[in-house]
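Here is a brief report on helix packing. Have the sequence and the model open as you read.

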Amino acid sequence: MTNSARLQWVYAWLLLSPALVLLVTFTHYPAIKSIIASFYSTARGKRQSVYIGLDNYHTLVADPVFWKVLSNNFWYAVWTIPLSIALSLIMALWVNEKLRGLAFLRMAYFTPTVLPLIAVANIWLFFYTPGFGLIDQIRGLFDLPEQNWMGSPNTALYTMIAVAIWKEAGFFMIFYLAALQTIPPSLRDAAAIEGASKVYFFRRVVFPLLMPTTLFVSINAVINSFRLVDHIFVMTEGGPNNASSLLLFYIYETAFKYWDTAYAATLTTVLLMILTVLAIGQFFFLDKRVHYK
Amino acid sequence: MNGATQSRPIFQLDRALNTFGAWVLAVLWLLPLAYAVWTAFHPGEYETRFDLFAPLTLDNFADAWSQAPFARYFLNTVMLVTGIVAAQFFLCTLAAYAFARFTFPGKGILFSLVLVQLLVMPDILIVENYQTMRKLGLIDTIMAIGLPYVASGFGIFLLRQTFMTVPKELDEAARVEGCSFLGVLWRVYIPLAKPTYLAYGLVSVSAHWNNYVWPLIITNSVETRPLTVGLSIFAVTDSGIQWSIINAATLMTSGPLLIAFLLFQRQFVQSFMRAGIK
């Protein structure tokens, strides 16, 4: 018995080891290494990297670009997370209703998910182009003036937000759709017999049943609000004057444009901390409302 | 009975409004793609003029194809994506099997280490992973693009959940028949998890076909660049290339994925439902 138990351990470890080695090398090690590197200076030429304590963090606190990027990322998250989730739920409800043209609707909503963000950024770029872009052409029909959407500090971030919502909603819709189709039709029939309105049925029955999906989707939306930066490369490169830059884009610039790896590691550490706090918070906040079967 | 006849017109109005809303949103959602198709198939002078009788042309595709090494980029992307997905299936299956059906010390801790990756993705660890790749001498290789993503926390989690739903009796029956540990995995677990493999495979293919930032950092030659990076270099807006050609290139790079999705969209959604991702 103990022999077979020991054999189980050996098998389990053999099965796990290839995945674990790669996982640790490219996820856990770099995460910890980022934290350590944030206490050292960047090696430049002959100058070695040395321990400098909290110097990088002092730089960080005094860096106006960091604060700008952080507040951008905050607003980016505040707009994209609820809007993409709400839209995806509406889409899923519509597709689930089997409305006319179901296949077309599902295809239309989901298509942005399959397209590379970097590629569609090119198309959106044209939409926003001042003067002859599609948005300004439509505005022109109503005699509204030209507007440089991506070039103005007031609107640049919102052009990014619109693209992110458009890109994400269809993906989240799939998860809601999958969950909606597991809700037994008998519940709806029962509610109809009781005379419950559609809104009431949704609020008291459907929505609570979708809670685990909402938890899953919202965690993904939070991660994406820090991860989806591809379109910035094509559309604004963070400009004008960092008005549309996000934390990950700033990390990229710091590490691979200015080659200040220690400061980039410091920024990465901040990003890691934000993600951890958000994940823990979300888990406790939403977990109480999740009804598992 | 009375109630049903009363609510009938209201119900129909409600349905009509919903259908209208759904269609408006759908058209809005398809607009960028529709616009790209319009410009890509028409001569450059129709970029901003919408004339229903504008002549159709394939010149934009030919121009894009000849102006950048897209054939090579395609090859790189296909190699990258097949490599990643094959390696992910292999590694994640083994790990998920261990988590689903074996008891061993440290199981809980190891599983939470796997779950950490759902949150901390390699996408945000670009600075240190670049250093690691440099130490390994893998800068500017296709392998370096894929390696950080191969041991996927999402894949392990998903397959473990599926494997856990396999009835223990099937497992035991196969063992009585004389199947080894790996034999049971191959004959019982993997066949039953087919919808999960399909759903996960599709998500993974589209994620890595579309990935941009990490490939941009780690590659610097035509021989390794995937389509996304190649396209972004080609489509620098102030290089004077026409919109119609950029859009043709855009459609080309997303085309195979788009066509595959349009063909398989029903199976795609269903496999998600059967895989129990919810």
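Axes are lines fitted to C-alpha atoms, for helices over the stretch in contact, and angles run from 0 to 180 degrees between N-to-C directions. Helices are DSSP runs (H or I, at least four residues), numbered from the N terminus. The model is predicted: local features need pLDDT of at least 70, side-chain atom pairs count only at pLDDT 80 or more, and totals for chains, interfaces and linings use all residues. Residues are numbered from 1 along each chain as its sequence is written, chains are lettered from A and ligands numbered from 1 in the order in which they are written, and side-chain values use heavy atoms, without hydrogens and water.

| Helix pair | Angle | Axis distance |
|---|---|---|
| α1 (residues 2-37) of chain A, α4 (residues 107-119) of chain B | about 40° | 11 Å |
| α3 (residues 64-96) of chain A, α10 (residues 211-227) of chain A | about 145° | 9 Å |

Take α1(A) and α4(B), packed at about 40°. That angle makes α1(A) oblique to α4(B) (under 35 degrees is roughly parallel, over 145 roughly antiparallel, 65 to 115 roughly perpendicular, the rest oblique). Contact means heavy atoms within 4.5 Å. Among the residues in contact are Trp13(A) and Leu16(A) of α1(A), and Leu110(B) and Gln117(B) of α4(B).

α3(A) and α10(A) pack at about 145°. Their contact includes Tyr76(A) and Ile81(A) of α3(A), and Val222(A) and Phe226(A) of α10(A).

How confident is the predictor in chain A? Chain A averages a pLDDT of 87, and 97% of the residues score at least 70. pLDDT is the predictor's confidence in each residue, from 0 to 100. Within chain A, helix α6 (residues 134-141) has the lowest mean, 79, and helix α12 (residues 247-256) the highest, 95.

Notes:
Helices (H or I, at least four residues) and strands (E, at least two) are DSSP runs, numbered from the N terminus.
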